[in-house]
Amino acid sequence: MGLSLYVRLLVVLVAALAAIIVGIVAGLLARWEGAPTPTCIRGGSAAAGAALTLFVLVLTSLHALG
């Protein structure tokens with residue numbers, strides 16, 4: 001695609017922010033179900049990590065990262 005460095009960095013930043021939002025929502029949903037706080041943190045962190053991994057894999061397969 002030939003994107004510049006700044007556009008690639010912006011795309012990665014957007015993917016990271018979206019993954020953080022996914023993690024927060026997952027933690028809040030676990031808390032809403034009555035899970036203890038450490039479990040909510042662990043579940044939210046796992047969801048954020050998985051979401052970021054998937055976002056980066058999709059961006060790489062679309063050749064948006066080079």
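The model is predicted, so local features need pLDDT of at least 70 and side-chain atom pairs count only at pLDDT 80 or more, while totals for chains, interfaces and linings use all residues. Residues are numbered from 1 along each chain as its sequence is written, and side-chain values use heavy atoms, with hydrogens and water left out. The protein holds two helices and zero strands; helices (H or I, at least four residues) and strands (E, at least two) are DSSP runs, numbered from the N terminus.

**Overall shape**
- Along the principal axes, the C-alpha atoms fill a box of roughly 50 × 20 × 15 Å.
- The radius of gyration is 15 Å, whereas a compact globule of 66 residues would have one near 11 Å; the value is taken over C-alpha atoms, and the globule rule is 2.2 Å times the number of residues to the power 0.38.
- Of contacts between residues at least 6 apart in sequence, 67% join residues at least 24 apart, where contact means heavy atoms within 4.5 Å.

**Helix 1**
- Helix 1 covers residues 5–32, and its 28 residues reach 41 Å from first C-alpha to last, close to the 40 Å expected at 1.5 Å a residue; the expected span is 1.5 Å times one less than the number of residues.
- Ala15, Ala19, Gly23 and Gly27 are its buried residues, buried meaning under 20% relative accessible area, exposed over 50% and partly exposed in between (1.4 Å probe, protein chains only).
- Helix 2 (37–61) is included in what covers these buried residues.
- After helix 1 comes Gly34, with a positive phi near 95°.

**Helix 2**
- The end C-alpha atoms of helix 2 are 36 Å apart, in agreement with the 36 Å that its 25 residues should span at 1.5 Å a residue.
- Cys40, Gly44, Ala48, Ala51 and Leu59 are buried here, and the buried residues of helix 2 pack against helix 1.
- His63 follows helix 2, and its phi is positive too, near 60°.

**Burial and surface**
- Of the 66 residues, 17% count as buried.
- Leu10, Leu13, Val14, Leu17, Ile20, Ile24 and Leu28 form a nonpolar surface patch with about 680 Å² of accessible area together.
- Patch residues have over 30% relative accessible area and no salt bridge, with nonpolar side chains (Val, Leu, Ile, Met, Phe, Trp, Tyr) joined within 5 Å and like charges within 9 Å; a salt bridge is a side-chain nitrogen of Lys or Arg within 4 Å of a carboxyl oxygen of Asp or Glu.
- Ile24 sits in helix 1 and is partly exposed, at a relative accessible area of 48%.

Definitions and conventions:
Accessible areas come from the Shrake-Rupley method with a 1.4 Å probe; for residues, only the protein chains shown count as cover.
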